[in-house]
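Work through the exercises below with the sequence and the model open. Try each task before reading its solution.

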Amino acid sequence: MENNREKWSSNLVFILAAIGSAIGMGNLWGFPYKMGVNGGLPFLLIYLAMVVLCGVICMGVEMAIGRKTGKSPILAIGEVAKKFKFVGWFGTLSAFIIMGFYSVLIGYSLRYAIGFAAQLLLNLDGFNGAASGAEFFVAFTQEVPAVIFYTFLTFALCAVFVAKGTEGLEKFNKVGIPGLFLILVGIIVYNLTLPGAGQGYTFMFTTKGLEMAGAKFNFFNAVRTAGGQMLFSLSLGMGAMITYGSYLSKEESIAKNAWIIPAFDTLAAIFAGIAIFPAVFATGNDPAAGPGLLYMTMHDVFTSMGAVGNLIGLLFYVLVIFAGISSAISLMEVVSASIIDGRVAKGKKTERKTVVMLVALAMFIISVPICADQLGIPGEGGAFWGIYSYLADGSKDLLDFYDMLTEGFMMPLGALLMCVLVGWKAGFPWMKDEVLADGKKWKMEKFFQICVKFVTPVLMAFVLVSLFLSYLGI
Ligand code: PHE
């Protein structure tokens, strides 16, 4: 069905937007710490296998669904097969839950950027005289009104861009993505000058990492973590790429884009690792610090660098904010586009601005319990620990729980069902027809076909089973 949906102005712009959605806190916050606690190299290898065997495939599947139908997830999936429509709803719900904690993480980063900026530019103490990164972080996360304020700021920033539609998304990403790579490379080069940084590379690229992190290798855990992390990092299994694909013109190649985006995202994750771990070792910090790595540990790292640390710290958190916002806007877009499409189907006006404001507000409300939960620090967990502890295996707090619920369960299930939808229900020729549109070639067609029907769904099912096994402590 043809429609006059707005379109990206070029393929480069689409790639930038998709990469912008993909690269985010998942790469900078999630990947390095998960690699840290799952032991370096073995985790990296499992992760890479997951990207090739599942990431590339799901990326192609989502882009094809989006472009072929020209609709946002719920309507798009419903159009392919009515019975699968719930997968679109499920994805939209995931977007809400992810944004609930994602915005809080960006909010934290805003606070750090402001702290370092105050130290660098105004010579003020940006971190309330805290003696260590941990001391500041714990104190800050307990200041619920401040956390809510920074989270709110995040929503306001995102809403401005989403309200402008593809034009707003394009504008942000054109500056944000190249800027992000530039800062990342700058920090990597700076790291080379740090004595003791070599251990960071050993940690990442050899099997010694496990020992150094004081961890044991657990295969199920590594597979589950890598699989969930891969989906989260590539924004898959919940419809973000269906939405972005729906704005893609037929002249562009899905076959190629399905490789380019995962390639850049994986590069960014590895870059983030080599921007972070050498500095962690050079300053005598713990690589297995977990989710706090990006805040507590990196804060210590920048403080120990002396005056130049303020500049590097500021750049680092600006990078985190750029990466975070370009992803957050795609989360907001998934929900906004669904509502807008629903309105259009009913013959109503789009009212994008109003829709985006209401979506931002609703998402903000979901994030407030996370802000109030105080990240479960210290000790026993935050305000909501009691309610969630029995549900959340290994989760120390509500943020962890939202994270686990989405990337550990909802996204693998979404990805699995989308592969079944395209590989079995609609059938592979359905997808082939879209990929070959406009006389395109598809060199890896056979690989895709085998993966989408067998390999990817089986691996996604394995990730889900691993999740339950890890619940049972296996
Ligand atoms: N891919 C983003 C990241 O790595 C997170 C995200 C997930 C964004 C799902 C959109 C949809 O940070």
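**Exercise 1. Classify the lining of the largest cavity, then locate it.**

Step 1. Sort the lining by class. It has 8 nonpolar, 6 polar and no charged residues. Here Ala, Val, Leu, Ile, Met, Phe, Trp, Tyr, Cys and Pro count as nonpolar, Asp, Glu, Lys and Arg as charged, and the others, Gly among them, as polar.

Step 2. Note the ground rules. This is a predicted model, in which local features need pLDDT of at least 70, side-chain atom pairs count only at pLDDT 80 or more, and totals for chains, interfaces and linings use all residues. Residues are numbered from 1 along each chain as its sequence is written, and side-chain values use heavy atoms, with hydrogens and water left out.

Step 3. Count and size. There is 1 cavity of 30 Å³ or more. The largest cavity holds about 110 Å³ of space. Its lining comprises 14 residues, and the closest to its centre are Ser21, Phe232, Ser235, Ser327 and Leu331. A cavity is a set of points, on a 1 Å grid over the protein atoms alone, where a 1.4 Å probe fits but cannot get out; lining residues have an atom within 4 Å of a point. Grid points are joined across faces, edges and corners, and the volume is the space filled by probe spheres set on the points.

Step 4. Assign the helices. Helix H1 (11-22), helix H5 (85-121), helix H11 (219-233) and helix H15 (307-345) each supply at least two lining residues. H15 gives the largest share, 3 residues. Helices are DSSP runs (H or I, at least four residues), numbered from the N terminus.

**Exercise 2. Describe how the protein holds the ligand.**

Step 1. List the neighbours. The ligand is surrounded by 16 residues, and the closest are Ala22, Gly26, Tyr102, Phe232 and Ser235.

Step 2. A polar backbone atom of Gly26 is 2.8 Å from an oxygen atom of the ligand. Asn27 places a polar side-chain atom 3.3 Å from an oxygen atom of the ligand. For Phe232, a backbone N or O atom lies 2.7 Å from a nitrogen atom of the ligand.

Step 3. Check the cover. On its own the ligand has 320 Å² of accessible area, and the protein covers 100% of it. The areas come from the Shrake-Rupley method with a 1.4 Å probe; for residues, only the protein chains shown count as cover.

**Exercise 3. Is Ser235 buried or exposed, and what is its phi?**

Step 1. Ser235 sits in the loop between H11 and helix H12 (240-245).

Step 2. Read its accessibility. Ser235 counts as buried because its relative accessibility is 8%. The cut-offs are under 20% relative accessible area for buried, over 50% for exposed, and partly exposed in between (1.4 Å probe, protein chains only).

Step 3. Read its phi. The value is positive, about 55°, although Ser235 is not a glycine.

Step 4. Look for another case. Asp438 lies in the loop between H19 and H20. Its phi is near 60°, a positive value in a residue other than glycine.

**Exercise 4. Compare sequence separation with C-alpha distance.**

Step 1. Take Gly414, in helix H18 (residues 398-425). Gly414 is buried at 1% relative accessibility. Gly414 and Phe86 are 328 residues apart in sequence and 9.8 Å apart in space.

Step 2. Stay in helix H18 for Phe409. Phe409 is partly exposed, at 29%. It is 181 residues from Gly228 in sequence and 7.9 Å from it in space.

Step 3. Turn to Lys441, in the loop between helix H19 (428-435) and helix H20 (445-471). Lys441 is exposed, at 72%. Lys441 and Lys353 are 88 residues apart along the chain, with C-alpha atoms separated by 39 Å.

**Exercise 5. What does the side chain of Thr69 reach?**

Step 1. Thr69 lies in helix H3 (residues 41-69). Thr69 is buried, with a relative accessible area of 2%.

Step 2. The side chain of Thr69 reaches the backbone nitrogen of Lys71 at 3.3 Å.

Notes. 1 Å grid on protein atoms, 1.4 Å probe; cavity = no way out; pocket = protein on both sides within 12 Å on 5 of 7 lines; lining within 4 Å. Polar contact = N/O pair within 3.5 Å; in protein donor to acceptor, adjacent residues only side chain to side chain. Near = heavy atom within 4 Å.
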